[in-house]
Structure formats: C-alpha cells, structure tokens
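Subject: Handing over a structure, with notes

Dear colleague,

Please keep the sequence and the 3D view open while you read.

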Amino acid sequence: MVDAWHYTPGPMALAQRTVLIAGATGALGSAVSLACARYGATVVLCGRNVAELEKLYDRIEESGARQPAIIPVDLEGASDTDYQTVSEALAGGLTVLDGLLHIAGTLGQLSPIEHTATRQWRRALSVNLSAPFFLTQACMPLLKRSPDASIVFTLDDKTRAYWAGYGVAKAGLAALAKILADEWDPPPGETRNLRVNAVDPGPLRSKLRRAAYPAENAQLPADPAERVAPYLYLLSEASRDVNGMLFCHGQAARAL
Ligand SMILES: NC(=O)c1ccc[n+]([C@@H]2O[C@H](COP(=O)([O-])OP(=O)(O)OC[C@H]3O[C@@H](n4cnc5c(N)ncnc54)[C@H](OP(=O)(O)O)[C@@H]3O)[C@@H](O)[C@H]2O)c1
C-alpha cells in the first residue's frame, strides 16, 4: 500500500471528483478543501459560518480552481428537515458525489464524566457523531451514483480521563466507520463502488487543539497543511481498493 502520509497526487489527480467537506472552514478542513481544489476537485464547502465559507469560496475561485459550492448547516442539533434540505440542495446542484470528508469537530469542555454538563455532552455527541451519521445518509443517493465513492472520517483516540463527550463520540465514530466499511465490502468477484476509511491526523494547530491544551506552545502542533495527504490519497484512484482502514499519523495503516 502507498504511504498515505507522503502521497503526492498528480497535478489533476482529482479532476473528475466532486467532494463534500464537512467542517470546511476549520484549520484542517480549510487546508484539505484548498488542497482538493488545487488537485482539480469540485469542492462543496459545508460549515455553519457563512461569512467564513464565502471567504474560502473566494480563495478557491481566485486560485483558478473549479468553482466551489457552499452548503451552510449547523451540525449541532440539525433536524431531519435540515438534513433533508442538504440532500435536496445536493440533488439540485449535482448529479454525483465522489467523496465525503467528515472533518467537522467540536471539543466541548474537558471534564470528569461526573461533572460533564448535559449541554456539553449533547453538543459533543451531536456534532462529532450524530452529524456524520445523518450527513452520510443525506449524501448517500449521490454517492451511490459514483463509480468510486470514498468517505473519510476524522478520528482522534481520546478514550481516557476527562475527554468526556468528545472521547466517547470519536470512539463511536470509529465504530460507525467500521460498520459502514463492512456493509460496503462486496462479496468476492463483485466490484465495490463505495469505500470508507478514517484518518487520525495527530496534533494540529487549530482552535480545537488550543481549547484542549491552552498552555501548550501554539507553534508546537503541526501545520494542518502538512496533514492533508491521506485525504487526497483516499479520494484518489490510487486507493481504489482500500476500504476499512485507519491512517493514524506516526503509525502504520491498520484495519479499523
Ligand atoms: N487539532 C488536533 O490536534 C486534532 C487531532 C486529531 C483529530 N482532530 C480532528 O480534526 C478535525 C478538525 O479539527 P481542527 O483541529 O481543524 O479544529 P477546528 O479548526 O476547530 O475545526 C473544527 C471545524 O468543525 C466545525 N464545527 C464545529 N462545530 C460545528 C457545528 N455545530 N456545525 C458545523 N460545523 C461545526 C468548525 O466550524 P466553526 O469554525 O464555525 O467553529 C470548524 O470548521 C476534527 O474532527 C478534530 O476532532 C484534530
């Protein structure tokens, strides 16, 4: 298998790909969105902050890349109707979706379980776990039209003290990715057109990281632009046969 962390796509490796990025305006999400656009993908930028989405849209358009699209949605407490609206907006503007990158995430408050507030717990579970579940469902009709659709979840192994809802939600997300990958593993001899994998990018300079480690030297974690390679790899033809794998920074790729 290719070393996903050092994968260098050809100049227009994603030229035929339309990719939705949830959490497009965040530190990692914007780096991945810009990289996907640079390698030729049509990107659908999904986030809750319309002004930030528009700024990113302008950057991509000014770079000469394909014209992006914007889908605003607040993933905290998004209703069935909101996801139906996303599904209809996608179907109204696109004929196919080749990639879905789940990069949105929220930390909430680090605290012992005993003292975790209901609102913090609900927010963490809603944004980090329920939203990827419902967004995947909303995108499914268009993903199924692709000859090679790829979904990528963003994980973070924090099943230890004080990570509360964030740690639990990310563990649940790993389970969701594994179950989906298993559902889409075709019987021998049949071709797969849907695959699902996950990336754990390791420590990155971002709002989320600063909230978790406020005393840390802000320059220590990696620049998110240095961690986009596995997302590009998993969207590309080079990973056509890769399903159910976790790419964790600093470790060998392994099954979810
Ligand atoms: N940073 C790290 O060290 C690290 C390590 C491992 C994994 N990760 C994972 O990497 C991913 C990206 O995180 P990041 O470090 O780039 O953090 P970030 O800069 O804080 O980005 C988080 C993104 O999620 C979005 N988001 C949060 N709540 C939302 C909501 N209710 N509705 C819609 N969007 C919402 C944010 O939008 P707003 O800008 O509008 O808030 C932002 O776009 C996350 O899944 C995180 O768990 C990060």
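**Helix α3 and what covers it**

The buried residues of helix α3 are covered by elements that include β3 (69-72) and α4 (118-143), where cover rests on contacts, two residues being in contact if their C-beta atoms, placed from the backbone, lie within 7 Å. Please bear in mind that this is a predicted model, in which local features need pLDDT of at least 70 and side-chain atom pairs count only at pLDDT 80 or more, while totals for chains, interfaces and linings use all residues. Residues are numbered from 1 along each chain as its sequence is written. The element names come from DSSP runs numbered from the N terminus, with helices (H or I) of at least four residues and strands (E) of at least two.

The buried residues in question are Tyr83, Val86 and Leu90. Because they cover an arc of only 50° around the axis, they lie on the same side of α3; the arc is that of the directions from the helix axis to the C-beta atoms. On the other side of α3, the exposed residues are Asp80, Thr81, Gln84, Glu88 and Gly92. Here a residue is buried if 20 or more other C-beta atoms lie within 10 Å of its own, exposed if 12 or fewer, and partly exposed in between, with C-beta atoms placed from the backbone. An α-helix has 3.6 residues a turn, so residues three or four places apart point the same way. As for length, the 14 residues of α3 (residues 80-93) should span 20 Å at 1.5 Å a residue, and the 20 Å between its end C-alpha atoms agrees with this; the expected span is 1.5 Å times one less than the number of residues.

**Helix α2**

Leu53, Leu56 and Ile60 are buried in α2, and they line one face of the helix, because seen down the axis they fall within an arc of 65°. The face turned away from that buried side carries Ala51, Asp58 and Glu62, which are exposed. Among the elements that cover the buried residues of α2 are α1, β2 and β3. Just after α2, glycine 64 takes a positive phi of about 90°.

**The sheet**

The strands include an open sheet of eight, in the order β3-β2-β1-β4-β5-β6-β7-β8 and with mixed pairing, where two strands pair if DSSP finds at least two bridges between them. β3 and β8 (254-255) stand at the edges with a single partner strand each, so one side of each is left without a neighbour in the sheet.

Strand β1 (residues 18-22) runs parallel to strand β2 (residues 42-47) and is joined to it by five bridges, with alanine 22 standing opposite cysteine 46 in β2. Four bridges join β1 to β4, also in parallel, and here isoleucine 21 has leucine 101 of β4 as its bridge partner. β4 in turn pairs with β5 in the parallel sense over four bridges, where leucine 100 is partnered by isoleucine 151 of β5. In strand β4 (residues 99-102), Gly99 and Leu101 point one way and Leu100 and His102 the other, and all are buried.

**Around the ligand**

The ligand is surrounded by 29 residues, of which the closest are Gly26, Leu75, Gly105, Ser206 and Leu208; a residue is near a molecule if its C-beta atom, placed from the backbone, lies within 6 Å of it. The elements that give two or more residues to this shell are α1 (27-38) and α6 (207-212).

Tyrosine 162, in the loop between β5 (149-154) and α5 (164-183), has a positive phi of about 80° although it is not a glycine. Tyrosine 162 is partly exposed, because 15 other C-beta atoms lie within 10 Å. Alanine 164, in helix α5, has a positive phi near 45° and is buried, with 22 other C-beta atoms within 10 Å.

Proline 221 lies in the loop between α6 and α7 (229-235) and counts as partly exposed, with 19 C-beta neighbours inside 10 Å. Not counting residues up to four places away in sequence, proline 221 touches Pro203, Leu204, Arg205 and Arg209.
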